[in-house]
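Here is a short tour of a two-part model. Have a look at the structure first, then read on.

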Amino acid sequence: MIEANGLTKDYGSKRAVDGLTFTVRPGVVTGFLGPNGSGKSTTMRLVLGLDAPTAGDVRVNGKHYRDHAAPLHEVGALLEARSVHTGRSAYNHLLALAQTHGLPRRRVDELIDLVGLHDVARKRAGQFSLGMGQRLGIAAALLGDPHTVMLDEPVNGLDPEGIQWVRHLLKELAAEGRAVFVSSHLMSEMALTADHLIVIGRGRLIADTSVEELVRTASGNVVLVRSPQAEALRDRIVSDGVSVVSNAPGLLEVHGLPADRIGEIAAAHGIVLHELTPQQVSLEQAFMDMTRDQLEFRTGELVTADAA
Amino acid sequence: MTGEAGTISLPTLTTRGRVTQARVVRSEWTKLATLRSTRWSLFVAVLLTIGLPLLFAAVTSSHWGSMSPQERANRHPLDIALAGVNLSQLAIGVLGVLVITGEYSTGMIRASLTAVPKRLPMLWAKAAVFAVTTFVLMLPAVFIAFFGSQAILSHHDILQISLSHPGVTRTIVGGAVYLMLLGIFTLALGTIVRNTAGAIAVFAAIFFVIPPLLNILPTSWNNAISPYLPDAAGRSVFSLTHGSHSLGPGSGLALFVGYCALALAIAAVVLLRRDA
């Protein structure tokens, strides 16, 4: 469980994380979504106490990370930036981490087998491919059998088989009752693994919602209508709160009116319809729209502030 | 493994530990011992500490006949025996820096501080492990250098000196103590600067650049300041003779330990305060 409350971080004059409040619950995979540079990695560094927040607070399993007697049992983390000495073997890297908590060598072997690094465990980590490095990072994260697992862009650099493996692993970890917090800048990836989504842009919270809810909200009321009498229909339905866009003859895109109302209006006026389709935007599109709105909102706010 | 066939499952951990200072020391020992660069640096330090005195002894012995009485009078057997310390201090100093800056440059520091988020146990463990390792390697090395160079110089009675001679044992042990303390000092420097090149530059400035520069100052100033610099204080730990303008071994050691403690204290404060 991760609880962030008004979490804020400035680097110099740049605000990287801006008043984030959210909760990552056990038993589900919570996706942490935002464009590159939106503050995801910074938020994770704040969770681990690697960076100190400028304002606000974040706790894991009820305490500040630093105050846990056995932090690796509480949170297992994979950070986006590599966190391995390039001159040390994968085995010795994990061993050194395990020893801080008095974990046995057997545990290191278990994790190396789990992530499939058995054949290269004695090789220096500097010679690892990006994918092997990610697997080593995941092994380090799971070393302490943690209640909360936090992974920053875990599928980066993995081959398709590795990506599948991570997806299964995340779901399995959540099914075991752990809190799983996983970041990505790819909505499509999150759609496949996450149950819950926390979306941020420019360090601010944009959405804290389920995947289905997000798509539904983002789709709004857009209906595609095909009719030989498109012009006539348009005149009948355009009103306050309803707008119509026509990209081709006989084709209307209606915003702000549900499909059943459009059908009733058409019937009432004897207008022939060839197609009446409520549009569902893709998650990708929903994400793009949301983050774009966020940027525009920010710009608008600045202008207003200047004018005042 | 638990879980159904076909699923990936994390093996549960039967024993759950907690972070203790002793465990962090063990971890730091593993870190130090499992890097090829560390093993090489320490090997080179031992090699220089032993090899250089043997070389000097051999050269002195073979040229003894052609040396002037003045030259002969200037040769001191302990200077020859501890000549290697002057060079191996470079290897130990650089390694002390690398013990911590190597973690910053590779990103390992993030993993280290995630495992030990209270941070200070890691610094204490690094200092203890590196200090003990250096001392355990260097103590035999300086004695081997002493006995080895004495054996080579055995034909020259004037260059023979006994361990029981006042101050001799203390001076030889002092060579190993100096290297151990220097390692702690540069480890602290590395923690403060966090960058390998920068920390080595500061180390070189303090120990090799600033001391000769002071010769530009008026002699009275130079004499008043020089003995109290880290370099001179440390050197007095492994010098048999002490001039009127240098500290005695006891006060030199105390001052050098003080410098190390100060550097380590600053390192501890910045390690706690800064974002990793």
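This is a predicted model: local features need pLDDT of at least 70, side-chain atom pairs count only at pLDDT 80 or more; totals for chains, interfaces and linings use all residues.

How many residues of chain B are in contact with chain A?

## Where the chains meet

The count is 37 residues of chain B, in contact with 44 residues of chain A; contact means that the C-beta atoms, placed from the backbone, lie within 7 Å. On chain B, helix 1 (21–33), helix 2 (36–63), helix 5 (83–106) and helix 6 (108–115) each supply at least two residues of the side that touches chain A. Helices (H or I, at least four residues) and strands (E, at least two) are DSSP runs, numbered from the N terminus.

Residues are numbered from 1 along each chain as its sequence is written, with chains lettered from A and ligands numbered from 1 in the order in which they are written.

The predictor gives the complex an ipTM of 0.91 and a pTM of 0.86. Chain B averages a pLDDT of 92 (the predictor's confidence in each residue, from 0 to 100). Residues 1–6 of chain B stay under 50.

## A strand inside chain A

Strand 3 (residues 29–33) of chain A is largely enclosed by the rest of the structure, because 5 of its 5 residues are buried (20 or more other C-beta atoms within 10 Å of a residue's own, C-beta atoms being placed from the backbone). V29(A), G31(A) and L33(A) point one way, T30(A) and F32(A) the other.

Strand 3 of chain A runs parallel to strand 7 (residues 179–184) of chain A, joined by 5 bridges; here L33(A) stands opposite S184(A).

Note on methods. Two residues are in contact if their C-beta atoms, placed from the backbone, lie within 7 Å. A residue is buried if 20 or more other C-beta atoms lie within 10 Å of its own, exposed if 12 or fewer, and partly exposed in between; C-beta atoms are placed from the backbone. Two strands pair if DSSP finds at least two bridges between them.
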